Amino acid sequence: MLSRSIVVQSLRSIRDRFFDTRRQRNEQNDVQETSDDVTGPSLDNLSVDMQFLIMTFLSPQDLCRLGGTSTYWRSMVRDPVLWKYFLLRDMPLWQSVDHLSVPDVKLTGSAVLDDSQMQFDYMAEYLRICPACRNQWRHQPRATFESVTSFFQSLVPVAEPQFAMFGPGLEQLEISLMTTIMNSPHILPIAGIPQRQIDGIGSGISFKYKDQHRFNIATLYSTNRTERERARLEHLSLRSKLFVYQEDSESNMPLSLNPMFNQVCQAMNGFIFVANAETERGVDRGWEEESAQIRVMLDPVVGTVSHPILVLSCVSRETADRHRIPCVTVAHQLQLISLPNPWMVQDTTAETLTGLLDGIDWLLRHSGVKL
């Protein structure tokens with residue numbers, strides 16, 4: 001994280017260069033000035049420290065408006081160090097990130113910007129991915145290939161899209177996300193429960209979104225309920241029956257999808273991966289295994305390479321003394337940026353289902369449902 005002193009130092013150097021340039025220009029034109037500083041009761045006349053403090057309270061839109069008031073403020077507001085500070089400060093607070101708004105991983109690098117980083121437009125990057133600005137460009141015309149994809153999707157009516165839900169967040173959390181969903185008709189009413197079970201590991205449940213759009217979630221657990229509960233209480237790592245692993249190896253890295261689930265996954269319109277975003281898990285090898293599970297599920301051989309995947313970055317509950325892993329960190333840990341599929345990471349709370357509907361809305365839209 002950039003320190004405030006580094007940002008103030010950068011802004012002060014911009015201010016000094018601005019007034020040195022102005023003084024030299026005035027001397028060449030034989031213009032007399034009594035001071036190098038801006039005079040008059042204005043924001044310009046405050047110290048750099050105070051100017052920076054004020055800028056930290058402004059929204060991105062207000063900062064851009066401030067930069068349009070004068071040449072001086074345009075120089076100050078365009079400072080790459082300032083916007084890298086804002087980016088590193090705000091990213092952990094954002095509740096969602098997707099394949100169109102994920103920041104460059106290099107943004108989490110060193111505190112001091114080298115020459116190559118100084119050429120990077122951190123201001124444009126911030127405005128591109130900041131949730132407060134995202135809605136403004138989300139409805140603008142998309143890239144040609146995305147428009148073509150959207151066009152062909154619109155030709156195929158999706159009466160009731162089907163999504164497969166899997167991932168350790170379904171089993172490791174103290175509060176069951178799926179149980180909460182099934183008992184929250186005010187959030188997602190249940191529209192029907194099919195009779196057919198999926199090989200004893202999960203079953204499909206139909207829900208209704210906004211009282212008009214039906215969709216089906218097939219919950220795919222790693223193993224049966226007794227084994228899952230024992231693993232959760234004893235903090236054990238189980239091999240998921242969804243995948244095939246290398247013989248005579250203790251590794252939990254999956255090699256391929258279990259053939260008996262191929263047909264199930266091929267019938268899906270998209271996937272929901274529930275990640276455990278509680279900070280207690282820390283940095284472990286589980287991220288590598290979970291990233292491999294996602295890639296196996298989206299394997300072109302299975303025919304799911306173009307399907308969207310929603311990652312619910314889930315915690316059991318939100319309290320003052322419990323924190324979550326930022327969704328941007330989850331996206332990088334799962335290496336989602338390298339996926340060819342559309343993807344989104346959405347902060348979700350199992351107890352209240354906060355953030356769930358935002359994720360479902362994104363998933364339905366990217367599955368061809370016109371909302």
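Q: In which loop is Leu353 found?
A: This is a predicted model. Leu353 sits in the loop between β11 and α15 (356-365).

Q: Is Leu353 buried or exposed?
A: The class follows from relative accessible area, with buried meaning under 20%. Leu353 has 4% relative accessibility, so it counts as buried.

Q: What is the phi of Gln335, and where does Gln335 lie?
A: Gln335 is not a glycine either, and its phi is positive at about 55 degrees. Gln335 belongs to the loop between α14 (327-333) and β11 (343-349). Its relative accessibility is 41%, so Gln335 counts as partly exposed.

Q: Which strands are joined to β11 by bridges, and do they run parallel or antiparallel to it?
A: Strand pairing is read from bridges between residues, together with the direction of the strands. Strand β10 (residues 309-315) is joined to β11 by seven bridges, and the two run parallel. Within that pairing, Leu310 stands opposite Met344. Strand β1 (residues 96-98) is joined to β11 by three bridges, and these two run antiparallel. Here Ser96 has Gln346 as its bridge partner in β11.

Q: How many aromatic pairs does a search of the whole structure find?
A: Ring pairs are read from the distance between centres and the angle between planes; an angle over 60 degrees counts as edge-to-face. The search finds 10 aromatic pairs. One of them is Phe166 with Phe273, which is edge-to-face with 5.1 Å centre to centre and 75 degrees between the planes.

Q: Why does the pair of Phe166 and Phe273 tie together parts that are apart in sequence?
A: Phe166 is in strand β2 (residues 162-166) and Phe273 is in strand β9 (residues 270-276), so the pair ties together parts 107 residues apart in sequence. Phe166 and Phe273 are both buried.

Q: Which residues do ring pairs link into a cluster?
A: The cluster consists of Phe52, Trp83, Tyr85, Phe86, Trp94 and Tyr126.

Q: Which residues form a nonpolar patch on the surface?
A: Leu46, Met50, Leu53, Ile54 and Phe57 form the patch, and together they have about 440 Å² of accessible area. Phe57 lies in the loop between α2 (48-55) and α3 (60-67). With 68% relative accessibility, Phe57 counts as exposed.

Q: What do the totals for the protein chain come to?
A: The secondary structure comprises 15 helices and 11 strands. Of the 371 residues, 47% are buried. The chain exposes about 19200 Å², and carbon and sulfur atoms supply 52% of that area. Among contacts with a separation of 6 or more, 67% are between residues 24 or more positions apart.

Conventions:
Residues are numbered from 1 along each chain as its sequence is written. This is a predicted model: local features need pLDDT of at least 70, side-chain atom pairs count only at pLDDT 80 or more; totals for chains, interfaces and linings use all residues. Side-chain values use heavy atoms; hydrogens and water are left out. Rings of Phe, Tyr and Trp (its six-membered ring) pair if their centres lie within 6.5 Å; planes under 30 degrees apart count as stacked, over 60 as edge-to-face and the rest as tilted. Helices (H or I, at least four residues) and strands (E, at least two) are DSSP runs, numbered from the N terminus. Buried means under 20% relative accessible area, exposed over 50%, partly exposed in between (1.4 Å probe, protein chains only). Contact means heavy atoms within 4.5 Å. Accessible areas come from the Shrake-Rupley method with a 1.4 Å probe; for residues, only the protein chains shown count as cover. Patches are made of residues with over 30% relative accessible area and no salt bridge: like charges are joined within 9 Å, nonpolar side chains (Val, Leu, Ile, Met, Phe, Trp, Tyr) within 5 Å. A salt bridge is a side-chain nitrogen of Lys or Arg within 4 Å of a carboxyl oxygen of Asp or Glu. Two strands pair if DSSP finds at least two bridges between them.
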